[in-house]
Amino acid sequence: MSEPKKLAIIATKGSLDWAYPPFILASTAAALGYEVRIFFTFYGLQLLRKNPDLQVTPLGNPGMPMPMGMDKWFPVLGTALPGMQKLMTAMMKKKMRDKGVVDLLELRELTREAGAKLIACQMTVDLFDFDKDDFIADTEIGGAATFLEFAGQADISLFI
Amino acid sequence: MAEFDEQVDATGLNCPMPILRAKKALNGLHTGQRLQVIATDPGSVRDFEAFARQTGHALEQSAEDNGTFRFLIRKA
């Protein structure tokens with residue numbers, strides 16, 4: 001068989017909504033026979049934590065549809081109210097369940113099971129005082145050169 | 001209705017779950033065996049075509065009945 005295609009992803013975001021694209025693409029690519037590596041850096045490291053508390057925020061996010069036309073009559077400042085993030089996160093999670101969107105932790109497990117390698121960026125692990133034990137099993141630690149070695153031969157490289 | 005060796009019911013599941021479930025089931029089949037996938041995600045129609053092209057498995061049937069999609073895949 002010919003050399004498998006390769007997908008390299010840098011995951012930089014630590015919110016619930018932005019957690020999906022890297023894992024959806026990585027798990028699907030692995031199902032298609034790709035060799036996949038995701039390099040988690042800065043806030044993306046949250047996606048590797050054993051029990052992440054990922055949230056969505058309407059703050060500074062004018063593209064986020066709000067329920068009951070709230071985005072029409074709600075002043076922008078309202079999105080900064082205490083509790084708004086918790087409320088929006090709860091609503092987003094319910095909507096996802098209703099629409100058959102897979103639970104993020106299940107998707108992450110499927111991604112791992114499919115053989116995608118998950119790599120935490122050494123510099124930001126140190127920066128935020130994370131420890132390897134904070135992350136799910138099989139998480140590797142590596143630096144920029146580690147990523148580039150793989151990405152240099154990858155068919156697709158994405159920065160998310 | 002065509003014969004199949006195994007079935008995956010991905011009803012109500014959204015992208016990328018129908019593909020992931022199908023791939024997992026195909027892993028357990030032998031070459032030439034058939035997998036039937038039931039899905040309600042309209043995006044799965046194009047996705048299973050792309051899945052077949054990229055993996056070499058044959059998409060022998062793709063049918064819709066009242067919002068339910070049925071795919072028949074023969075393992076390569």
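Read along the sequence, chain A of this predicted model runs β-α-β-α-α-α-β-α-β-α-β. That comes to 6 helices and 5 strands, with helices (H or I, at least four residues) and strands (E, at least two) taken as DSSP runs and numbered from the N terminus. Residues are numbered from 1 along each chain as its sequence is written, and chains are lettered from A and ligands numbered from 1 in the order in which they are written. Because the model is predicted, local features need pLDDT of at least 70 and side-chain atom pairs count only at pLDDT 80 or more, while totals for chains, interfaces and linings use all residues; side-chain values use heavy atoms, with hydrogens and water left out.

On overall dimensions, the C-alpha atoms of chain A fill a box of roughly 55 × 35 × 25 Å along the principal axes. Of its 160 residues, 42% are buried, where buried means under 20% relative accessible area, exposed over 50% and partly exposed in between (1.4 Å probe, protein chains only). Contact here means heavy atoms within 4.5 Å. Among the contacts in chain A with a separation of 6 or more, 75% link residues 24 or more positions apart.

The strands of chain A form an open sheet of 5 with the order E4-E3-E2-E1-E5 and parallel pairing; two strands pair if DSSP finds at least two bridges between them. The edges belong to E4 (140–142) and E5 (156–159), each with a single partner strand, so one side of each is left without a neighbour in the sheet. From one strand to the next, the twist averages 25 degrees. Axes are lines fitted to C-alpha atoms (for helices, over the stretch in contact), and angles run from 0 to 180 degrees between N-to-C directions.

Going through the pairs, E1(A) and E2(A) are joined in the parallel sense by 6 bridges, with A:Ile9 opposite A:Ile38. These two strands make a right-handed β-α-β unit with helix H1 (residues 16–31) of chain A; right-handed means that, with the strands pointing away from the viewer, the path from the first strand over the helix to the second runs clockwise. E2(A) and E3(A) also run parallel, over 4 bridges, and A:Phe40 has A:Ala120 as its bridge partner. At the next step, E3 (residues 117–121) pairs with E4(A) in the parallel sense over 3 bridges, and A:Ile119 stands opposite A:Glu140. Helix H6 (residues 144–151) of chain A packs on this sheet, touching E1 (6–11), E2 (35–40), E4 and E5, and its direction makes about 150 degrees with that of E1(A).

Helix H4 (residues 104–113) of chain A has A:Leu104, A:Leu107, A:Arg108, A:Leu110 and A:Thr111 buried. They cover an arc of only 160 degrees around the axis, which puts them on the same side of H4(A); the arc is that of the directions from the helix axis to the C-beta atoms. The buried residues of H4(A) pack against H1 and E2 of chain A, and also against helix H1 (17–27) of chain B. At the N-terminal end, A:Asp103 caps H4(A), with a side-chain oxygen 3.1 Å from the backbone nitrogen of A:Leu105. After the helix comes A:Gly115, with a positive phi near 100 degrees.

A:Thr124 sits in helix H5 (residues 122–127) of chain A and counts as buried, at 0% relative accessibility. Beyond its neighbours within four places in sequence, A:Thr124 is in contact with A:Phe40, A:Thr41, A:Phe42 and A:Leu45.

Chain B has an open sheet of 4 strands, ordered E1-E2-E4-E3, with mixed pairing. Its edges are E1 (6–10) and E3 (58–65), each with a single partner strand, so one side of each is left without a neighbour in the sheet. Neighbouring strands are turned by 15 degrees against each other on average, direction ignored. E1(B) runs parallel to E2 (residues 34–39) of chain B, joined by 5 bridges, and B:Val8 is partnered with B:Val37. Helix H2 (residues 44–55) of chain B packs on the sheet, touching E2, E3 and E4 (68–74), and its direction makes about 10 degrees with that of E4(B).

A few backbone details remain. Most residues other than glycine have a negative phi, and most peptide bonds are trans. The bond from B:Cys15 to B:Pro16 is cis, with omega near 5 degrees, and B:Pro16 lies in the loop between E1 and H1 of chain B. A:Asp138 has a positive phi of about 75 degrees; A:Asp138 lies in the loop between H5 and E4 of chain A and is exposed at 56% relative accessibility. B:Asn66, in the loop between E3 and E4 of chain B, has a positive phi of about 55 degrees and is exposed, with a relative accessible area of 77%.

Terms used:
Polar contact = N/O pair within 3.5 Å; in protein donor to acceptor, adjacent residues only side chain to side chain.
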